[in-house]
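Notebook open. I want to look up a few local features, one entry at a time.

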Amino acid sequence: MLKIPDILNNPSFYDAELDYKWNSDMRYEWDEKVSNSKLFNLFLKLNHKASIGMAAALAEWIYWRLHKKDDIYILSKYIETLWADIIDKRYVKKWEFEFNPDEDDIIHGVKTVAIESLERSNRNYLNGRYNISAELDGQAMLARYICPDKNLFDTWLEDCIRKLIPLFPVKYDRDNPSEYNKDDDPYYDSSHEQPIPREFFFSPDFELTSKNTQEALDNFLINLSYKDNDLLNTPETMLAEGFKGTPYRYTGE
């Protein structure tokens with residue numbers, strides 16, 4: 001089960017009044033009408049695993065902002081799948097969220113937009129699609145929209161992007177991915193990309209060394225429960241799908 005990051009573990013964040021405006025039209029129109037070209041172009045510079053990590057981290061801002069206002073635990077289950085995705089795709093099922101049209105208030109409308117966006121990111125990632133970062137600017141704008149301290153969010157996001165781009169750059173031209181893949185394969189295999197621990201996004205003092213990465217990812221997997229989260233595969237399923245090693249442990253290989 002996820003624990004709230006220190007940066008968000010403050011009543012001034014999660015107990016603040018939900019003073020943002022929301023209506024049913026916003027849920028249907030968010031992805032089409034809300035965008036940020038500057039963020040969009042920055043996110044284009046990230047590789048697939050960095051993009052999925054960014055999606056999960058942005059969704060955490062939304063989850064922890066709302067988690068004490070109502071029961072939105074389901075969002076945390078979807079977030080867990082993306083953090084597991086980064087380590088190995090075989091941890092995660094291809095899921096599809098079935099939203100309840102009656103849940104469209106100031107809390108559940110935001111939750112629905114967040115999950116639908118995560119679903120598209122997860123599907124694009126599992127399928128190896130080149131437009132992996134297409135959802136990120138909308139996700140960022142939603143997290144910022146409901147955040148009571150915009151400066152806190154902006155500083156965090158700027159710091160994340162600043163660290164991610166040089167360490168986890170995309171290896172192909174987003175505008176012309178066929179130049180990367182001479183066989184015109186419409187799918188991208190991200191298995192060679194380095195997995196990124198959750199701590200990299202939320203712990204300013206985290207040093208991205210091989211030892212720290214191995215320990216952080218192994219600790220995350222140990223604390224995952226495929227019995228409690230039905231979006232995660234069983235060890236037996238993972239092994240049948242070709243997983244090498246011990247499921248739900250990370251040795252750095």
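**Entry: Pro235.** I looked up where Pro235 sits, and it lies in helix H11, residues 235-240. The model is predicted, so I read this as a computed picture. Is Pro235 buried or exposed? I find Pro235 buried, because its relative accessible area is 16% and the cut-off for buried is under 20%. Next I checked its neighbours, leaving out residues up to four places away in sequence. Pro235 touches Tyr226, Pro247 and Tyr248. Pro235 and Ile4 are 231 residues apart in sequence. Their C-alpha atoms are 27 Å apart in space.

**Entry: H4 against H8.** I turned to helix H4, residues 48-66, and helix H8, residues 150-167. Their axes are 12 Å apart, and the packing angle is about 165°. H4 is therefore roughly antiparallel to H8, since the angle is over 145 degrees. I noted the hand of the crossing as right-handed. Which residues of H4 and H8 make the contact? From H4 I list Ala50, Met54, Ala57, Leu58 and Trp61. From H8 I list Leu152, Phe153, Trp156, Leu157, Cys160 and Leu164. I sorted the contact by class and got 11 nonpolar residues, no polar ones and no charged ones.

**Entry: H6 against H7.** The next pair was helix H6, residues 108-126, and helix H7, residues 136-146. Their axes come within 10 Å and cross at roughly 155°. H6 and H7 are therefore roughly antiparallel to each other. The crossing of H6 past H7 is left-handed. H6 brings Val110, Val113, Ala114, Ser117, Leu118 and Ser121 to the contact. H7 brings Gln139, Leu142 and Ile146.

**Entry: cysteines.** How many disulfides are there? I count zero disulfides, taking a pair of cysteine sulfur atoms within 2.5 Å as the test. Cys147 is in no disulfide. The cysteine sulfur nearest to that of Cys147 belongs to Cys160, 13 Å away. I checked burial as well. Cys147 counts as buried, because its relative accessibility is 1%. Cys160 is likewise in no disulfide, with the sulfur of Cys147 as its nearest cysteine sulfur. Cys160 also counts as buried, at 1% relative accessibility.

How values were computed. Residues numbered from 1 in each chain as written. Predicted model: local features only at pLDDT ≥ 70, side-chain atom pairs only at ≥ 80, totals over all residues. Heavy atoms only, no water. Buried < 20%, exposed > 50% of the residue type's maximum accessible area, 1.4 Å probe, protein only. Axes fitted to C-alpha atoms, helices over the stretch in contact; angles between N-to-C directions. Helix = DSSP H or I, 4+ residues; strand = E, 2+ residues; numbered from the N terminus. Parallel < 35°, antiparallel > 145°, perpendicular 65-115°, else oblique. Left-handed = near helix turned anticlockwise from the far one by under 90°. Contact = heavy atoms within 4.5 Å. Nonpolar A, V, L, I, M, F, W, Y, C, P; charged D, E, K, R; others polar.
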